Amino acid sequence: MFCVRTGSALPWAAAEGHLKRLLSRRGLRSTVTSGSGSERRADSGGAQRAPARSQPPGRSGRADGDRITAASASNKISVDFDRSREAYKSKDSLELLRSLVVFKLCSYDFLVENNTEIMDLGKKILGQKHFDQLMKMTFYGQFVAGEDHVVIRPLIQKNQAFGVGSVLDYSVEEDISQKESKQKKMNSCSSAAGKESTGEHYKKKNYEAHKQFGDSQGELNSACPYFYVEEAKCDQHMETFIKCIKASGGSSMDGFSAIKVSALGRPQFLLRFSEVLVKWQRFFTFLASQQEKDGIEALEQRLELSQLQEFLTKLGAKGDFYGWFTGNKSDSTRYIDILDWNSLLDNKENTSDLLVVPNVKLGKLEPLLQKFTTEEEKQLKRILQRLLILAKHASENGVRLMVDAEHTYFQPAISKLTLETQRIYNREKPVVFNTYQCYLKEAYENVTMDVELSRREGWHFAAKLVRGAYMFQERARAKELRYEDPINPDYESTNRMYHKCLDYVLDEIALNKKANVMVASHNEDTIKHAVRRMNELGLLPTENKVFFGQLLGMCDQISFPLGQAGFPVYKYVPYGPVSEVMPYLSRRAQENRGFMKGAQKERELLWKELKRRLLSGELLYRPVY
Ligand SMILES: Cc1cc2nc3c(=O)[nH]c(=O)nc-3n(C[C@H](O)[C@H](O)[C@H](O)COP(=O)(O)OP(=O)(O)OC[C@H]3O[C@@H](n4cnc5c(N)ncnc54)[C@H](O)[C@@H]3O)c2cc1C
């Protein structure tokens, strides 16, 4: 099922990439990019400042071009995020008032922490109909586009007219009681295969199901927004995503559609698959340390094969490891790196031979990976099939598929499955986007490894970079199960990680036009950093390689100026019936309350614009498009 690659050492093209990267790290990059940048500008026929997105007739994406400081001599664009009038041009005054009220409410910890109970009480007092109306006037109206893909069209078109595209996100989640939820989650997380564990030395506690993980209301909760009941339910979720993809294709020329892989299969399987992948990688790290190669970047670690053979033989292993590791090629491969290593797992014919690893404590060999049961094999096949079907629909509808990142204990499997889909559908153009969470200590390693793999295999790398939404649950779970916290120690280190990953991908785009990135953040410094770096590298918004993303109802002062300056910018647009979207809203409020507390600037800009309209007699302003 997975692609098989040869175990050859770095091919020439990759070596060249490494060389360029080394040059750039030494500050020599500008020589490389300035040449190619000017060539690109010449190729684009001088249209480099045209709007990046298609606009309705009679309107330019640079409607506010006068507000954009364009340093024409150096051909650089800078965007001003302090101009309230431009930021809220697409909103009438009632919408501004609603934003102010909602943001104020979100700044009260008590309301955010008890939002579910408060909403339940509201429903009881007002009745469903009036409660729905109240929600539509407030939270739902602020963060959700509408009930279905037809109703949301005007909003999508309005945003598009003001230079902002959409990532459609059908956000319906099952709203079930705490008890039921706990039971369902534990059921979906208990293994179908035996509990017998092998390769203990390379195992991580991160990938064990835990009773508190089944608690949907506690701090360790909300792991899977979708509750696995049976395979038919996963098919239903897939159908829903297909509708979303079609709606996205129908409402704009270059839209995105977001999906969650946990909706497409059994969470336990994702957990188990993640465990296998991580064990395999840890075994590589162990072998690298035996060859005294620890302490260097994962991608630079290369195992010398004859040493490896010697080491394994000393431990009592029998057989031609050399042949196995090189894929029985008769070439002169002497080394394998982590990417070659990972690809050995793809060759399922061979994996059973290799499930034997040294147990250092006991000084003997033991099976590293327990083989998948027939049922697990089927689960793997089905989940991948669903993902491939979604990618096919996306490709046929001219839509890009955004695979959201979830909790760390599912993420290796989600990333691996996404990668398999990218290998097939990103050959010609970037159809499938993976998501990288920069609050993870291993984020840079994940990004660089996948970029390198895409380069070697010749497909379009496509990523969404986020900071990460599940920090509190991740930390609490790590503490409870006593494993190392996977999250960076503090906010500043997450910021540094984000910018390091972003810089790496931007460099890659400048060098190799096949890479793509969505800078998904509300952080103004990060957006400014991305724009500045694009300028330095000569990356033009019109190239449609660097996208920006914010959530609907948040940070319009970032999205709209970016769009009006010609940058491809998108809002994540959740939609679904009021009652079914509430858990999503509640989770958003929880996930973003740190951010919302800091929404002081947004509130100030909203006030400023409301006051301006009042004083200039424009309170009844209606956006025209
Ligand atoms: C378009 C879009 C798509 C998204 N998709 C996903 C997705 O697929 N998966 C996902 O997980 N999230 C996703 N998110 C949410 C995202 O991960 C962040 O939670 C959210 O955007 C806030 O981060 P920020 O960069 O916008 O703002 P900031 O306010 O600058 O950053 C807040 C974030 O910093 C990190 N942080 C805060 N305090 C600390 C600390 N003490 N130590 C370490 N790190 C800390 C946390 O990640 C926190 O969410 C998405 C966000 C957007 C805008």
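Trainee: By class, how many residues of the shell around the ligand are nonpolar, polar and charged?

Mentor: This is a predicted model, in which local features need pLDDT of at least 70 and side-chain atom pairs count only at pLDDT 80 or more, whereas totals for chains, interfaces and linings use all residues. Residues are numbered from 1 along each chain as its sequence is written. With Gly counted as polar and Tyr, Cys and Pro as nonpolar, the shell holds twelve nonpolar, eleven polar and four charged residues.

Trainee: Which element gives the most to the shell around the ligand?

Mentor: Of the 27 residues around the ligand (C-beta atom, placed from the backbone, within 6 Å), D404, V466, R467, A469 and G549 come nearest. Two or more shell residues come from each of β10 (432–437), α20 (491–511), β13 (546–551) and α24 (593–597). The element that gives the most, with three residues, is β13.

Trainee: Which element gives the most to the largest nonpolar core?

Mentor: Among the 116 members of the largest nonpolar core, those that touch the most other members are L401, C438, L465, C501 and V519. Leaving aside residues up to four places away in sequence, C501 touches Y436, C438, A443, Y444, V447 and L465 (C-beta atoms within 7 Å). The element that gives the most to this core, with eight residues, is α20.

Trainee: Within what arc do the buried residues of α8 fall?

Mentor: In helix α8 (residues 153–161), I156, N159 and Q160 are buried, that is, have 20 or more other C-beta atoms within 10 Å of their own. These buried residues pack against β3 (164–170), α10 (231–251) and β14 (569–575). They line one face of the helix because, seen down the axis of α8, they fall within an arc of 100°.

Note on methods
Helix = DSSP H or I, 4+ residues; strand = E, 2+ residues; numbered from the N terminus. Buried ≥ 20, exposed ≤ 12 C-beta atoms within 10 Å, placed from the backbone. Arc of directions from axis to C-beta. Contact = placed C-beta atoms within 7 Å. Core = buried A, V, L, I, M, F, W, Y, C linked by C-beta atoms within 7 Å.
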